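Subject: Structure for your review

Dear colleague,

Please find below the structure that I am handing over to you. My notes on what was found in it follow directly after.

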Amino acid sequence: MCSKFMYRIYLNSISLIGVYLFVCLGFYDLQAFANTVIINADDREISLGQELRYYEDRDSSMSLDDFLHLESQNLLLDSDRDQLSFGYTKSAYWFTVDFFYSGEINNSFILELPKPLLDQIDFYQISSGKKIKHNQLGDLLPYSMRIIDHRNFLIPVDFDSDKKLRLVFRIKTDNTLKVRLKLHEVSAFWISDGREILFFGVFYGIMLVMIIYNSYISYTLKSRAYLYYVIYVLSNTIISLSMSGFGYQYLWLENQFIQKRAIGASGCLGFFSLGYFTVLFLNVKTCFPWLKKIIVLLSILLILIIP
């Protein structure tokens, strides 16, 4: 009787130990994947904005090892939005995100940073604690140095089955710093990109027609008002080309000087031409002479501050 009782206690103890180990292992797995993006083979597009962790490097002096040390001490901030915006800043920012690919066959994806005006970007891919790739991008570099021929910043990412991969990237720019990161399946990305190019093609086609048509009117009517309107439309077209990345991709792809100054110069020229168009088209000189002086003065000041 006593031996049966002791045997039951033994079995119950073994069961409790088993349950305890199961719970501990499950908790360990949850901890291991707590900040990890799990990628499936059938995923087509994943927004990574809210999965990022980041740190502000105020004097822009940190190295990759310095950042990884901070990350190991849980000193990074968690993102809570799809697009992070830091405004105009002199600081460099470091970001990281972990991936786990659950597919049975190795697969390739495209990582997209859809902000063509960032100056300096360093991408690091880390696997099993070792740096396996380092890519440099940015509009301060010649366009020919881009890994993938595209207006946005693209990085090919290869996932091995049932393995973790860490992405770390550093950004420093003189423009507004906005970060919106997406991961695309390769074929799905190019299909979506083709539709976007079609939209931009229609838009720039309309702008070109407006420029040619109003240039013809300006020439036939000898009208300076329409000439200023043409300059205004052209300036806005250049701004759009710069902000979308098409200008650097197709027009001034190896000229960083134009890339850095196209938006500022075109913006000032656009305001200047809009001011003079308003004066001439609405006959402000006759109706409101004082308003004409203000518009001309402001237009000249804008020309003087072209960067």
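Helix 3 and helix 4 cross in a left-handed manner. In this predicted model, their axes come within 8 Å of each other and cross at roughly 160°. Helix 3 is therefore roughly antiparallel to helix 4, since an angle over 145 degrees counts as such. Residues of helix 3 that take part in the meeting include Phe200, Phe203, Tyr204 and Met207. On the side of helix 4, the residues involved include Tyr226, Leu227, Val230 and Val233.

The crossing of helix 4 and helix 6 is left-handed.

Helix 4 itself covers residues 224–244, which is 21 residues. From its first C-alpha to its last it reaches 30 Å, close to the 30 Å expected at 1.5 Å a residue. At its start, a side-chain oxygen of serine 223 comes to within 3.4 Å of the backbone nitrogen of alanine 225. After its end comes glycine 245, with a positive phi near 95°.

Which residues of helix 4 are buried? They are Ala225, Tyr228, Val230, Val233, Ser235, Thr237, Ile239, Ser240, Leu241, Ser242 and Ser244. Their cover includes helix 3 (186–221), helix 5 (246–251) and helix 6 (256–281).

Turning to individual residues, histidine 184 is found in strand 13, which spans residues 182–185. Is histidine 184 buried or exposed? Histidine 184 counts as buried because its relative accessibility is 5%, and buried means under 20%. Its side chain is joined to that of glutamate 112 by a polar contact of 2.7 Å. Setting aside neighbours within four places in sequence, histidine 184 is in contact with Arg44, Glu45, Phe109, Ile110, Glu112 and Phe189.

Alanine 41 lies in the loop between strand 1 (36–39) and strand 2 (45–47). With a relative accessible area of 41%, alanine 41 is partly exposed. Although 64 residues separate alanine 41 from isoleucine 105 in sequence, their C-alpha atoms are 8.1 Å apart in space. Not counting residues up to four places away in sequence, alanine 41 touches Tyr101, Gly103 and Asn107.

Most residues other than glycine have a negative phi. Serine 60, although not a glycine, has a positive phi of about 55°. Serine 60 is placed in the loop between strand 3 (53–57) and helix 2 (64–72), and it is partly exposed at a relative accessible area of 23%. Serine 128 likewise has a positive phi of about 55° without being a glycine. The loop that holds serine 128 runs between strand 8 (120–127) and strand 9 (130–137). Serine 128 is exposed, with a relative accessible area of 72%.

Finally, for the protein as a whole, the secondary structure comes to eight helices and 13 strands. Of its 307 residues, 40% are buried. Among contacts with a separation of 6 or more, 75% are between residues 24 or more positions apart.

Yours sincerely

Notes
Residues are numbered from 1 along each chain as its sequence is written. This is a predicted model: local features need pLDDT of at least 70, side-chain atom pairs count only at pLDDT 80 or more; totals for chains, interfaces and linings use all residues. Side-chain values use heavy atoms; hydrogens and water are left out. Helices (H or I, at least four residues) and strands (E, at least two) are DSSP runs, numbered from the N terminus. The expected span of a helix is 1.5 Å times one less than its number of residues. Buried means under 20% relative accessible area, exposed over 50%, partly exposed in between (1.4 Å probe, protein chains only). Contact means heavy atoms within 4.5 Å. A polar contact is a pair of N or O atoms within 3.5 Å; within protein, one must be able to donate a hydrogen and the other to accept it, and residues adjacent in sequence count only if both atoms are side-chain atoms. A crossing is left-handed if the near helix is turned anticlockwise from the far one by less than a right angle, and right-handed if clockwise. Axes are lines fitted to C-alpha atoms, for helices over the stretch in contact, and angles run from 0 to 180 degrees between N-to-C directions. Angles under 35 degrees count as roughly parallel, over 145 as roughly antiparallel, 65 to 115 as roughly perpendicular and the rest as oblique.
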